[in-house]
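Biologist: Thanks for sitting down with me. Could you show me the model, and then we can go through some questions together?

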Amino acid sequence: MTCRHFLELLDRMDNIDIQEEMTAHAAFCPGCAAELSAVMAGLRLYRLPDVCCSANLVPKIMAMLPLVPAPKRLVSMRNWVLAGLLIMGSVVLVPLMSDFRVLKETFGPAFTIPVSMAFGLIITIYLGIFVISHIDEFGRRLKAYEAVKSGKIA
Amino acid sequence: MIQDDSALADEKLVSRVLDGDREAFSVLIKRYQARMLRLGYGFYKNQDEAEDFAQDVFLKAYTGLAGFKGKSSFSTWLTKIAYNTGINGKKKSGRYEALEAEPADSRNLGPEELSIRKDSLESLRKAMAALPEKYAVCLDLFFAAGMKFEDISEVTGFPVNTIKSHVFRAKRDLRKALEETIL
Ligand SMILES: [Zn+2]
């Protein structure tokens with residue numbers, strides 16, 4: 001590597017560890033080694049935190065957190081739909097399984113009634129969670145819809 | 001048992017905050033307050049407004065935390081909020097400039113180190129002044145925040161090559177400026 005190539009690489013370098021070929025060149029070229037350490041020192045010193053760094057910023061912000069809406073995990077609509085399809089698919093496919101038919105013929109209503117109730121419960125829980133987690137959004141959409149409607153009437 | 005959150009990765013802390021652990025957010029504030037204050041100072045040029053800026057950015061990040069999907073690192077995501085807040089800030093004081101302040105631990109620095117810092121600052125301020133403001137911020141994200149080209153591009157939306165070429169020129173000038181000091 002020539003000194004010119006070294007300096008070119010130094011100027012183009014990203015904020016990552018220095019390349020091996022550069023270290024190798026700097027090891028036996030005092031001029032380039034000095035340039036390298038000058039730039040590194042300049043950057044290190046430039047990056048030092050400044051006196052303006054406030055000591056009370058953290059408590060100030062922490063005191064405000066209870067006053068703003070807390071972040072909530074969002075499950076994407078795609079995942080909701082996938083989960084719904086999975087539940088529906090099982091409700092449709094499970095009764096078609098041969099084991100299910102054998103059990104149904106052997107036990108009759110003593111088997112089908114609890115199984116239907118279990119399916120019903122799963123679907124209810126899924127819909128319940130969906131409604132609870134989207135209630136704010138439904139409210140917002142309803143308000144937006146009403147605003148549009150009243151705007152049209154007026 | 002009290003667990004030490006300060007060693008946890010950003011993503012783990014975000015996950016805790018989303019689970020309702022508000023305290024975990026304080027670790028993230030401590031970790032990134034210096035960067036946010038520095039950007040705030042660059043946009044507003046005074047400490048009070050830099051603090052208001054940092055506070056605004058952290059509160060925006062908190063309320064919108066569920067929108068952090070982990071596609072980029074948390075620091076890039078947070079810096080993006082700061083960049084947009086700063087660039088679109090209505091009442092900012094003139095254009096973005098590098099902070100001209102004493103380092104917090106200046107007592108531990110020798111005269112030569114202080115002079116290197118001063119020269120670096122002067123050289124980079126000059127480089128920033130020569131560019132449109134949007135690119136001046138890119139330079140500070142590279143030189144002060146130590147961000148990588150890709151991350152700066154993610155934050156600002158500018159092509160990597162544009163950022164690279166601005167950084168290249170600024171770094172060459174910085175090296176020349178330091179050559180005179182050190183060599
Ligand atoms: Zn050389």
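Biologist: Which residues does Ser90(A) touch, not counting residues up to four places away in sequence?

Modeller: First, the ground rules: this is a predicted model, where local features need pLDDT of at least 70 and side-chain atom pairs count only at pLDDT 80 or more, while totals for chains, interfaces and linings use all residues. Residues are numbered from 1 along each chain as its sequence is written, chains are lettered from A and ligands numbered from 1 in the order in which they are written, and side-chain values use heavy atoms, with hydrogens and water left out. Ser90(A) lies in helix H5 (residues 77–93) of chain A; helices are DSSP runs of H or I with at least four residues, numbered from the N terminus. With contact meaning heavy atoms within 4.5 Å, the residues Ser90(A) touches are Pro95(A) and Phe119(A).

Biologist: Is Ser90(A) buried, partly exposed or exposed?

Modeller: Buried means under 20% relative accessible area, exposed over 50%, and partly exposed in between, with a 1.4 Å probe and protein chains only. The relative accessible area of Ser90(A) is 31%, so the residue counts as partly exposed.

Biologist: Which atoms coordinate the zinc ion?

Modeller: Donors are N, O and S atoms within 2.8 Å of the metal (3.2 Å for Na, K and Ca), and since water is not among the atoms, sites may look incomplete. Here the distances run from 2.1 to 2.3 Å. Along the chain the donors follow the spacing C-x21-H-x3-C-x2-C. The atoms are SG of Cys3(A), NE2 of His25(A), SG of Cys29(A) and SG of Cys32(A).

Biologist: What arrangement do the 4 donor atoms around the zinc ion make?

Modeller: Four donors count as tetrahedral if all angles lie between 85 and 135 degrees. Around the zinc ion the 4 donor atoms subtend angles of 102 to 114°, so the arrangement is tetrahedral.

Biologist: Where in chain A do Cys3(A) and Cys29(A) sit?

Modeller: The two are 26 residues apart, and the pair links distant parts of the chain. Cys3(A) is partly exposed at 38% relative accessible area, whereas Cys29(A) is buried at 12%. Cys3(A) is in helix H1 (residues 3–12), and Cys29(A) is in the loop between helix H2 (20–28) and helix H3 (30–46).

Biologist: How do H1(A) and H3(A) run, roughly parallel or roughly antiparallel?

Modeller: Their axes, lines fitted to C-alpha atoms over the stretch in contact, are 10 Å apart and meet at about 10°, where angles run from 0 to 180 degrees between N-to-C directions. Angles under 35 degrees count as roughly parallel and over 145 as roughly antiparallel. That makes H1(A) and H3(A) roughly parallel.

Biologist: Which residues of H3(A) make the contact with H1(A)?

Modeller: From H1(A) come Cys3(A), Phe6(A), Leu7(A) and Leu10(A). One of these, Leu7(A), touches Glu35(A) and also Arg175(B). On the H3(A) side the residues are Cys32(A), Glu35(A), Leu36(A) and Val39(A).

Biologist: Which residues is Thr76(B) in contact with, leaving aside its neighbours within four places in sequence?

Modeller: Thr76(B) is found in helix H4 (residues 74–87) of chain B, and at 1% relative accessibility it counts as buried. Its contacts are Met147(B), Asp151(B), Glu154(B) and Val155(B).

Biologist: How many residues of helix H6 (residues 133–143) of chain B are buried?

Modeller: Among the buried ones are Tyr135(B), Val137(B) and Phe142(B). The helix is largely enclosed by the rest of the structure, because the buried residues number 10 of the 11.

Key. Four donors count as tetrahedral if all angles lie between 85 and 135 degrees; four count as square planar and six as octahedral if opposite donors are over 155 degrees apart and all others between 65 and 115; anything else is irregular. Angles under 35 degrees count as roughly parallel, over 145 as roughly antiparallel, 65 to 115 as roughly perpendicular and the rest as oblique.
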